[in-house]
Structure formats: structure tokens, C-alpha cells
Amino acid sequence: MQAVSPQMQLLTEKAFQYNQDTSIYWLGSAGVLINSYGTTILIDPDLDQIQIDGMYFNQRNGVKMFQQVPIQMEAVPMVDAIFYTHADEDHIGIASYKQLAQTGSPIHCTQFVKNHLIANGITDNQIFAHEKLDTFRINDLVIEMTLADHPWHKNKPTLYDYYYTIDDCTGYKVTTKDGIIWHPGDSILLPEHLNERPVDLLLIDFSNDPFHFGKEGAVQLANQQILAELIPIHWGTYESDKPCFNANPYELKDGVVNNKRLHILGIGEKYTLKK
């Protein structure tokens with residue numbers, strides 16, 4: 001049976017306001033909100049959703065969703081930055097990025113994603129394209145881009161005449177006052193992932209798909225990052241038979257060393273990063 005996330009918790013304006021800590025909220029799928037002492041960033045915030053007869057669906061493709069999104073995209077205020085790891089629709093959401101762009105929030109991504117956004121009407125000067133492994137700042141936060149390799153289009157050569165190169169996708173490390181948060185993005189497990197310096201919180205994708213870490217790769221990375229707290233993402237959001245949506249975080253407990261560091265959140269639930 002497909003795993004479903006715990007009960008959704010609605011986000012309020014408070015989640016975007018100044019606070020005295022570093023808070024992380026899982027938005028469903030691979031999306032997160034990080035609020036570190038009032039500096040707010042969104043990573044892969046796909047909030048596309050419609051409601052029909054009490055059920056929720058992704059408005060882009062009609063896929064049923066288990067729960068309501070934690071915040072309507074129209075209610076999201078301007079943030080300090082929006083990061084996109086790659087251009088897959090379950091990470092950017094065409095309705096989401098068009099709505100969120102209206103807030104005036106700066107967008108950071110790879111050149112491939114920038115080209116995609118511009119082709120769909122987003123203003124060029126709002127988007128900052130970065131080369132792989134770039135480092136930059138958002139207020140007091142240091143952002144480091146990490147390698148990601150997600151060439152899933154190779155699986156469907158009759159449908160696509162391209163596939164993502166290693167320049168087109170990225171992960172993000174966010175260094176805050178309270179520690180380092182790492183969102184690796186969608187990727188196969190690379191040797192470079194296993195050689196990354198220790199982080200304090202790993203947003204772990206363990207989707208059971210050949211172009212994702214998979215359970216085995218996710219456990220290997222989690223145990224390499226032995227001191228990191230772990231929040232599973234990319235699961236429990238869509239009712240779908242696609243392997244990339246069908247991961248079960250409860251199955252990680254047997255393989256992860258010190259599995260008390262595995263925090264299975266509900267969509268919209270707050271996690272506070274401890275120093």
C-alpha cells in the first residue's frame with residue numbers, strides 16, 4: 001500500500017514572519033519552506049491544487065492528492081528567495097511559479113530552469129541563473145549548489161529529444177546560524193554526495209525510481225551523514241503508481257543508523273533546527 005503522510009497542518013502568516021530560530025516546513029512532494037530568523041526561502045514549492053467534491057487534485061495533470069496543500073499559493077507572501085532544483089512540473093508547477101513570481105520574490109535556479117521559466121512568461125530580471133557548484137548569499141544565509149544528476153528523459157526516447165545534463169539540475173546547501181540544511185534535489189546517488197562535508201539536516205529523497213536515490217542509496221547517504229537529522233521528502237503526496245511517488249519512509253527505519261534522527265513529518269508540520 002502507498003504510504004500517506006501524517007495529517008496536514010495549515011501554514012499561517014506566522015511561518016513567514018521574523019522568528020528566533022531556523023524553522024523548516026515540508027510543503028509536500030519535494031517542497032520546503034525555510035525561515036531562519038526572518039529570512040525566508042522556498043525550495044521547489046509546487047502548490048498547484050484544485051478541490052472537487054471534497055477531494056484534492058493537482059490542477060496541472062489531474063493526479064489525485066491525498067491531502068490539501070498547507071497553504072494556497074495565492075496566500076504566499078514575498079519571500080527572500082525561491083530555489084528550484086530542476087524543471088520537472090512536480091517541483092515547479094506552472095500555476096505555482098506564475099503565481100509566486102507575482103510576489104516579486106527573486107528566483108534562483110540553473111540556466112535550464114531559467115530558460116523554461118522565461119519561455120512561460122516569467123520576467124528575465126527576476127531570475128538568477130547559477131552554474132553548478134556556485135555559492136552565493138541570501139541575507140545571512142550562505143547557499144551552496146551541489147551536484148544532481150536526473151536524466152530520466154533517457155527512459156522515454158520516443159517522447160523526448162533531450163534529457164537533463166548534470167548542469168541542468170542542482171541541490172542546495174543552506175548554511176544558517178543553527179546549522180546546515182541540505183536539499184539534494186532529484187538525483188541518482190553520486191560519489192560526490194558521499195564526500196560532502198557533514199550537514200545538520202538532510203532532506204532525504206528515497207523515491208523508488210532508477211533516477212532517484214532509491215531506498216538503498218538514501219540509506220547509504222543517510223548513514224554517511226551519520227550526524228544529520230533526516231526529514232523524508234518526495235513521498236505521501238500524490239495517489240499514483242509511479243515509483244517516484246511511492247516511497248515509504250517507515251521502511252527506512254531498519255537501515256538507518258540511529259533511526260531516532262528520522263523525522264517523518266506531516267505536510268505543513270514545523271521542524272526546528274537545533275544548534
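Two strands count as paired if DSSP finds at least two bridges between them. The model shown in these views is predicted.

**View 1. An open sheet of seven strands.** The strand order is β9-β8-β7-β3-β2-β1-β16. Pairing within this sheet is mixed. Strands β9 (127-129) and β16 (270-272) form the edges, and each of them pairs on one side only. On average, neighbouring strands of the sheet are turned by 20 degrees against each other, with direction ignored.

View 2. Strand β8 covers residues 107-109. Strands β8 and β9 run in the parallel sense and share three bridges.

**View 3. D53, a residue with positive phi.** Most residues other than glycine have a negative phi. D53 is not a glycine, yet its phi is positive, near 50 degrees. D53 sits in the loop between β4 (50-52) and β5 (55-57). Exposed means over 50% relative accessible area. D53 has 74% relative accessibility, so it counts as exposed.

View 4. L133 has a positive phi of about 70 degrees, although it is not a glycine. The relative accessible area of L133 is 51%, so L133 is exposed.

Definitions and conventions. Residues numbered from 1 in each chain as written. Predicted model: local features only at pLDDT ≥ 70, side-chain atom pairs only at ≥ 80, totals over all residues. Heavy atoms only, no water. Helix = DSSP H or I, 4+ residues; strand = E, 2+ residues; numbered from the N terminus. Axes fitted to C-alpha atoms, helices over the stretch in contact; angles between N-to-C directions. Buried < 20%, exposed > 50% of the residue type's maximum accessible area, 1.4 Å probe, protein only.
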